[in-house]
Amino acid sequence: MAIDEGLKSELRKAGVFVTTVEDLYNWGRKNSIWPLQFGLACCAIEMIAAACSRYDMARFGAEVFRPSPRQADLMIVAGTVTKKMAPLAVRLYNQMPEPKYVIAMGACAISGGPFKEGYNVLKGIDRYIPVDVHIPGCPPRPEALLDALITLQKRIEQDHLTGKHRLRAYDKEQKAEWPVPEYGEHDLEPPSNPDVWKPEPMKRPEAK
Amino acid sequence: METVDQIKDRIEAALPGVRLAIEGKSLVVDRQHLLDVARFLKTDSELAMDYVSNLCAMDWLPSQIKTRECDREVVRNLPGHLEVVYDFYSTAKKHGPVQLRCRTEGREGTPSLPSITPLFRGAEFQEREAFDLYGIRFEGHPDLRRILMWDGFKDFPMRKDYRPPDDYEWEPTPHDEVLQQTKKHWPAPPPAPVKPA
Amino acid sequence: MIQPLTMPEQGYTLTPKEDAIETQMLEVSMGPHHPSTHGVFRMDVVLDGEEVRRLKPVLGYLHRNHEQLAEKMNWLGSIPFTDRLDYFCSMTNNWAYCLAVEQLAGIKVPERAEYIRVIMAELTRLQNHSCQAGFLLSDTGAWGTPLLYAFREREKILDLFEAASGARMMCNYMRFGGVRADVDDDWLAAARKVVENYPCFIDELEALITGNEILLARTQKIGILPRELAINASITGPMLRASGVDYDIRKVDRYGIYGRLDFRVPLGEVGDVYDRYYVRILEMRESVKILQQALRDIPEGPSDAGVKMRNFKVPVGDGYGRIEGPKGELGFYLVSDGSTRPYRYHVRAPSFINLTILEDMCVGHKLADAMVILGSVDIVLGEVDR
């Protein structure tokens, strides 16, 4: 339930700070995002650079890189997800506690990028898990990662605890686990999760 | 360092029964004598090739060579084969390389070659890689398993006739091979309703 | 009675040591998601108590099919992909590939381009080795701090790369017969300043860690690699030299202008983790010397040989070109059938082959030491798996 902005500012003048549980909860979460220390490839180095002195992700409250998925709430998929790695990436995502978010960092994590034609390269992590923020670039600069983090913070601000669009964690009908693909004889099985990812139908040029 | 011809002559003199061919800068050795030649290169005091730098597998599809002999065209059929190239260097004498080539019999299934891992540890992972991607079975390798792909994988993806699984998503401008593949899998959008005239 | 561990599928049996303490063999899979495996690398470790009895590296979690992709595209198109092999050292990767193609096609590189290449390669070596020291210290437990110092310095070098090539990490800078863009005097002045200040940073890093009691205890006599095994297992780079083998391709092949430059090759005595760390520190000091000479003597002139890149073709043949990368011998074996794309394109990746003897070095040590030994090998998974 939103509070009238005018009333809020009037009260603030009188020294009373009014907020909702939802706002307070979101405010706390957005300023203390704990990313999973999950470096896959080249982009991981830029992720480390973003955490180091010059770019200093600590300014946005997200410097506590956790090695364990159980303590993290943001997964930065930093680099190429190969087919050999994809089941493990999904499993790590499953192990993270709700509410959780995913940033697909770099062209490879979004679509396979320059390695898209490879036989062992997954054409985008969004085939198996839902992605919240995509960062283009190969690799994206640390500034781009910071921008994605701020974008994510804005998103977290707008999360709801109740109502139709409430968080997945508070919705009992939403499933908590994503199916983990298995190694097949020629490819992963299944090659994508239809609940998460639906390819656009091919548009054929019409004959004139 | 000696020239390729000198090395060839010395090897053939030292190892009876070994016949080498010279192709470009490299010596071509048959499967039975690969280990003997490699051991000679390693132990010979003049060469002292103690270090195998590079091991590279290759796939040659069956091909035809057309040449002109006495005003008529001769077509020779070359059978397909897999080939492994070894680059030997010497850290003691600081010279090299000596390049060896060894070819398999055909390229069906997993043809075999002798492993040089018992002589050179450095070939261990490289031979496993060649097995994984090309399907060359190295006889005598201590631990020949797939190294890059997962264990249940059935194909040899670096072979020239390998077809990757069709998992391309929709492309804005599909063309050539991709278009043919895409047509097979992705459905076209439902036809637009015909407007009454 | 102590039960031996039998793994029928893998085909081995291990019996625990007969001593007073009853222990049990334990198989642990470390990775591919592990903070100290430097990426997506997995080790299947069999432990007796805390002691490593068996260790099998499992690779391929970053196998991006670099070789097959390169065989599908033209000669020039592979250069950006070589950047992503060893993503710390894109400049040296470019150079190795260009060198192999130049040898095959018989292209002569102008003098100024050779100097620029040496400057870029040595700057790459500086930033790679400093980051490696930082990561090694992270593995011993000094979480973060030395890495922050190393990355501070790395950013300065990346600024130079960015000014010259337009990209921080993936420089895509070298071309067949030269470099893509010439550097101007401002850039050279900036590079001189970075190089001038670099010894101060090395001193700072050394003051922080070299004599540190904990570092000495964690690295000395750990993971000893004997000289003979190092040669036999094709180990290259600082790891080989730490075992006391005087083999530096810059000295052996004298590619580029290295034959004219004055520098020494530092060697280790014991071949343990400490030697590997310290050889890298000494190599950085030699790199600074090389950079000073190259920046002093760089001539005027064209920065590329004017090779037409469009429809670039290489005469039929095959060739192996190699350089001394920061991690070891980086070679490219190329086969050309005379068309616009290579028939076979093979990367001899140093960190892939340096992993061969990981088990030999780790067996008998504690599990915590195995991480330090892995750190001292200095792997980058983009290059291990390709």
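The side chain of B:D155 makes a polar contact with the side chain of A:H186, at 2.8 Å; a polar contact is a pair of N or O atoms within 3.5 Å, where within protein one must be able to donate a hydrogen and the other to accept it, and residues adjacent in sequence count only if both atoms are side-chain atoms. This is a predicted model, in which local features need pLDDT of at least 70 and side-chain atom pairs count only at pLDDT 80 or more, while totals for chains, interfaces and linings use all residues. Residues are numbered from 1 along each chain as its sequence is written, chains are lettered from A and ligands numbered from 1 in the order in which they are written, and side-chain values use heavy atoms, with hydrogens and water left out.

B:D155 is buried but has no salt bridge. Buried means under 20% relative accessible area, exposed over 50%, and partly exposed in between, with a 1.4 Å probe and protein chains only. A salt bridge requires a side-chain nitrogen of Lys or Arg within 4 Å of a carboxyl oxygen of Asp or Glu. The nearest side chain of opposite charge, B:R146, is 6.9 Å away; Lys and Arg count as positive, Asp and Glu as negative, and His and the chain ends are not counted.

I turn now to cysteines. There are zero disulfides over all chains, a disulfide being a pair of cysteine sulfur atoms within 2.5 Å. For C:C98, the nearest cysteine sulfur, that of C:C171, is 13 Å away. C:C98 is buried, because its relative accessible area is 0%.
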